[in-house]
Amino acid sequence: MNCITEKQKCTGCGACVDICPKGCVSIALDDDGFLVSEIDESICINCMKCRKVCPSLVLPRMNPIKRILSASAKDKTILAESSSGGMFTVIAKYALDKGGVVYGAQFDDNLNCVHASTDNISGISPMRGSKYIGSNLAGIYKSVKNDLAKGIFVLFSGTPCQNAALSNYLGKDYDNLLAVDFLCHGVGSTRLFNAYIRFLETKYGSKAKTAYFRKKRKNFLQPNFKVEFQNGKSYTDYNYLNVFGSNFANRKNIKSSCNRCAFSSKDRATDFTIGDYGLKNVFRFPNWKSGVSVITLNTKKAQRVFNVVKEEISGEEKRREETVCIISTLNRRNLSDEIRDKFFAVVKSVGFDAFVETNYKVSFIRKRKYMYTFFLRRVSSMLPMSVKRVLKSWLLNR
Ligand SMILES: Cc1cc2nc3c(=O)[nH]c(=O)nc-3n(C[C@H](O)[C@H](O)[C@H](O)COP(=O)(O)OP(=O)(O)OC[C@H]3O[C@@H](n4cnc5c(N)ncnc54)[C@H](O)[C@@H]3O)c2cc1C
Ligand code: SF4
Ligand code: SF4
Ligand code: SF4
């Protein structure tokens with residue numbers, strides 16, 4: 001079956017599924033394990049609606065970033081359960097206080113990553129935490145539009161490409177919509193994630209109940225990958241050292257569309273953008289270990305909402321050039337697929353399960369290297385620029 005756009009550009013956002021009047025588009029995992037659209041041409045009436053809504057073919061109106069701040073939720077429980085500084089929950093609480101609904105990504109009972117909605121605070125909890133795989137949004141665009149038409153206040157949180165798709169799908173601005181995206185590295189393979197979960201389920205003799213990619217450990221920049229099983233046991237390792245996370249971090253385990261991403265720019269399709277406050281300057285915060293977000297205000301609406309929620313946040317205004325975290329996630333429009341293609345060729349040649357079985361173990365040396373590199377970065381961030389320059393020239397001339 002064919003895809004609506006070039007397969008390598010399809011983000012898997014699913015807007016084409018919701019817009020098609022004939023129900024001839026579906027979303028499915030490709031061989032590498034990424035969501036892409038498939039079109040059944042035998043019943044297609046060529047109305048072109050799917051092409052008009054597709055963010056990889058039509059970029060919506062984007063808002064230039066107006067203000068950049070560092071921010072942490074003052075509430076310690078929110079901070080402990082969130083990936084970085086808990087900004088998603090702070091904004092979600094604002095929407096719920098207005099009697100609204102919140103849309104975000106969560107795991108279902110079978111550990112599929114899906115978008116869902118909630119109108120109460122307990123429903124926010126499963127949405128917290130970054131899931132580094134694609135989320136399925138089938139039916140969500142329709143549901144958001146229905147809620148907006150009824151006058152319900154809606155907070156939609158998703159990847160930059162999902163937000164661009166929503167903007168195209170809605171086709172106009174709504175005062176009662178608040179859109180939030182994040183600084184986006186990309187998404188990893190669902191097939192690889194599922195194979196890793198299957199491997200752990202066999203090892204622990206129980207079905208997995210839920211998984212966390214960013215469980216805070218000693219500090220939020222070295223998060224844990226944690227799986228909880230139905231028999232009460234749990235498994236924990238460093239997120240960026242396991243078979244999924246290490247290959248995700250080095251962009252082998254990544255979706256093709258994320259190497260040609262038109263949505264991670266200084267212009268955003270959303271009101272707010274949130275992210276992890278950058279590695280180099282985060283150490284200057286006294287409480288950096290609990291988590292610090294970067295938050296950008298992209299519209300007047302975001303400024304208004306921020307004025308209401310700012311009492312719940314500790315943070316400060318940042319100059320653009322300081323925010324290394326933002327700059328590092330921009331301009332991923334023209335990255336090569338060479339490394340990721342080679343990686344998936346190897347994985348597929350042995351099969352996902354066999355690949356996980358032979359590659360799940362991280363050597364003691366690699367773990368030490370990870371710890372030392374982190375420690376050196378932390379020390380280096382604290383040195384004055386002049387000392388760094390002297391050290392650099394000494395190292396180069398040795
Ligand atoms: C796939 C992915 C890649 C990311 N890459 C970067 C990066 O390169 N640099 C950076 O600074 N930050 C990145 N982030 C954002 C970062 O991990 C935190 O989400 C961000 O710092 C906000 O922190 P928080 O404490 O407010 O978030 P949390 O409370 O943890 O909230 C996370 C929010 O993200 C949404 N979400 C989680 N997983 C998905 C998903 N798979 N698809 C769509 N929405 C999802 C949830 O619905 C929730 O709204 C990424 C997040 C994801 C999901
Ligand atoms: S052209 Fe129209 S009918 Fe055909 S797949 Fe697209 S939306 Fe559906
Ligand atoms: S609308 Fe989204 S899922 Fe459909 S073809 Fe375009 S990018 Fe792919
Ligand atoms: S990197 Fe771009 S294409 Fe990939 S998930 Fe993020 S926003 Fe979407």
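This note sets out points on the domains, the nonpolar core, the ligand shells and selected residues of a predicted model.

1. Domain arrangement. The chain is divided into domain 1, residues 7–53, and domain 2, residues 61–362. The C-alpha centres of domain 1 and domain 2 lie 23 Å apart. To the contact, domain 1 contributes 19 residues and domain 2 contributes 22 residues. On the side of domain 1 that touches domain 2, helix 1 (15–19) and strand 1 are the elements that give two or more residues. Helix 1 supplies the largest share of that side, four residues. Sorted by class, the side of domain 1 that touches domain 2 holds ten nonpolar, five polar and four charged residues.

2. The largest nonpolar core. This core has 89 residues, of which Ala-15, Cys-16, Ile-91 and Leu-155 touch the most other members. The core lies between domain 1 (7–53) and domain 2 (61–362), because both domains give residues to it. As background, nonpolar side chains tend to be buried together in soluble globular proteins. Cys-16 deserves a separate remark: neighbours within four places in sequence left aside, Cys-16 is in contact with Ile-4, Val-25, Ser-37, Cys-50, Val-53 and Cys-54.

3. The hairpin of strand 1 and strand 2. Strand 1 (residues 25–29) and strand 2 (residues 35–39) run antiparallel and are joined by five bridges. Leu-29 has Leu-35 of strand 2 as its bridge partner. Five residues lie between the strands of this hairpin, in which Gly-33 takes a positive phi near 105°.

4. Ligand 2. Around ligand 2 there are 13 residues, with Cys-20, Cys-44, Cys-47, Lys-49 and Cys-50 coming nearest. The shell around ligand 2 is made up of ten nonpolar residues, one polar residue and two charged residues. One of the nearest residues, Cys-50, is also among the contacts of Cys-16.

5. Positive phi at Asn-46. Asn-46 is a residue other than glycine with a positive phi, near 60°. Asn-46 sits in the loop between strand 2 and helix 2 (49–53). Is Asn-46 buried or exposed? Asn-46 counts as exposed because 7 other C-beta atoms lie within 10 Å, and the limit for that class is 12 or fewer.

6. Positive phi at Arg-251. Arg-251, although not a glycine, has a positive phi of about 60°. The residue belongs to the loop between helix 8 (245–249) and strand 12 (267–268). Arg-251 has 19 C-beta neighbours inside 10 Å and therefore counts as partly exposed, since a buried residue needs 20 or more.

7. Lys-209 and its surroundings. Lys-209 is part of strand 9 (residues 208–215). With 15 other C-beta atoms within 10 Å, Lys-209 is partly exposed. Between Lys-209 and Val-227 there are 7.5 Å in space, C-alpha to C-alpha, for a separation of 18 residues in sequence. Beyond its neighbours within four places in sequence, Lys-209 is in contact with Glu-228, Phe-229 and Gln-230.

8. Leu-59 is located in the loop between helix 2 and strand 3 (63–64). Leu-59 is partly exposed, having 15 other C-beta atoms within 10 Å. How many residues apart along the chain are Leu-59 and Ala-262? They are 203 residues apart, while their C-alpha atoms are separated by 8.1 Å. Apart from neighbours within four places in sequence, Leu-59 is in contact with Ala-164 and Ala-262.

Technical notes:
Residues numbered from 1 in each chain as written. Chains lettered and ligands numbered in written order. Predicted model: local features only at pLDDT ≥ 70, side-chain atom pairs only at ≥ 80, totals over all residues. Pairing = 2+ DSSP bridges. Near = placed C-beta within 6 Å. Nonpolar A, V, L, I, M, F, W, Y, C, P; charged D, E, K, R; others polar. Core = buried A, V, L, I, M, F, W, Y, C linked by C-beta atoms within 7 Å. Domains from an automatic or database assignment. Contact = placed C-beta atoms within 7 Å.
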